[in-house]
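Here are some notes for a first reading of this entry.

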Amino acid sequence: MLTTPRLIAIALCAALNFAVGSIVYLIKLPLYLDSIGTILCALLIFPDRRAAFVCSFLAAMISTVITTLFINPFLIWFSATELALALVAAYFIADAEAIFRARPLPVLRFGLRVVLYGILTGVVSAVVSAPVVAYVFGGVTGSGSAFLVAFFLKAGQHLMAAVLHSGFTAEPIDKTLQVLFAALLFRATPKDFIDMVRARPQPAPT
Amino acid sequence: MTPNGAIVFTLVVVVAAMMSRMSGLVVLYLLCALFAVIEVGPNAAAALRRAAILMVPLAAFMVLVWVGVVGRAPADIAASQPGSRAGALVYVSIVCARLFLIVAIVQIAAMRFASITPLQFIKLLRAPMALKRLGVLTLSLIETLLQAVDRAHTALIASGVITRRLSARNVFNGWVLVQTVWLTAITSVTGRMRDKWPMEHTLGLLDPLLAETRKDPLRTPDKIWISCAAVAVAGIVWGDFYGLP
């Protein structure tokens, strides 16, 4: 399953997750965009769904560990979210790989798939990360969505419900952008590279 | 101490911190202070300063949200009681104390290995070879990508596509920077995979370099620290059972 080109694709996608964080910081955008590499990894390896899931989860975990050690020590708590994201990427988003690479671009189908998968990923991500946000961070992770949590708490909701509602409001927007970026990067990736990554290991000659 | 021991010790302390109330946190702070003094020495101050730099903004934000905006603790909300800002402040203090402990122990453990390179650190880990290779490749490619980010960022600013500060142009054209970086990395990696690495046998040379030479993954100091952390966990569970605060 882990051929050399796939190992390199995983490392590249993990590095992309890490580097996009620094791009977002450089151009000062109010977004996370920390899972583009995870989704892209599943798209690159796709027809083999199990390999796509394992590779995209590995990419997510490696970038999470490195980011936790060097930049954001709280990211490791969201490992379960990365697992869920890798599952959604390998078993749902990757289904649209033909549409994402179709030439000329089928704008409507492309846009619909991006929004659909963005919302799906956002909802899954909100549900999986809610217990961590509520019980580890007391509902406040330092992002702007904490004010949404405060708004829902002020309205009388319990902590868990407030975190969930805040996640449902904010996550689909961020995740739709991530699916869009991953789809566009996948579209721009040279076919040679994709063929190399998707090639199955050859049995050794006897 | 070995990286394996440091990772196990840190994990046990983190799990214990998540389980503990105030009394448990005090025990864990004492254990971490002892670990910092014995294993890291004067460099522990730098690790604690970094932990504080990471934690203070989050703590301030929590105070703003819980004490300033919400004005009562989650327990008061759950019980539909009016609550008070003092109750919210106590809640924020406990959450922050727990998070600071977690951040600090990770920073202290990382500082313990500040004198060795990431490659040496990965070599000393007890992990499957494929994972070790992945770690080394990722660290190498992060360097490639960050250099690509620097070059593309400068070029796109010079050509007026994006700006240095937050701007509408960055929102619309920031994507160009991401795509440029990705294509630069892909081109470079495809070239290496096709020609450079097979010719130089680079990946094959990694395996003996990363192979572990020691049979026992843990040394005596590792075992002592892990045992201390396990005793602390047992104490915290015992304290919980007898209702310590």
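1. This is a predicted model. In chain B, the C-alpha centres of domain 1 and domain 2 lie 34 Å apart. Domain 1 of chain B is made of two stretches, 3–121 and 214–241, while domain 2 of chain B covers 127–210.

2. How many residues does each chain bring to the contact? Chain A supplies 58 residues and chain B supplies 57 residues.

3. The size of an interface is often given as the accessible area lost when the parts come together. For chain A and chain B the buried area is about 5,200 Å², and 83% of it falls on carbon and sulfur atoms.

4. One salt bridge is found across the interface of chain A and chain B. It joins the side chains of A:Asp192 and B:Arg194, at 3.2 Å from N to O.

5. Which elements of chain A give two or more residues to the side that touches chain B? They are α1 (4–26), α2 (36–45), α3 (49–70), α7 (145–154), α8 (159–188) and α9 (191–198) of chain A. The most comes from α1(A), with 17 residues.

6. By residue class, the side of chain A that touches chain B has 45 nonpolar residues, 10 polar and three charged.

Definitions and conventions:
Residues numbered from 1 in each chain as written. Chains lettered and ligands numbered in written order. Predicted model: local features only at pLDDT ≥ 70, side-chain atom pairs only at ≥ 80, totals over all residues. Heavy atoms only, no water. Domains from an automatic or database assignment. Contact = heavy atoms within 4.5 Å. Buried area = accessible area lost by both parts, 1.4 Å probe. Salt bridge = Lys/Arg side-chain N within 4 Å of Asp/Glu carboxyl O. Helix = DSSP H or I, 4+ residues; strand = E, 2+ residues; numbered from the N terminus. Nonpolar A, V, L, I, M, F, W, Y, C, P; charged D, E, K, R; others polar.
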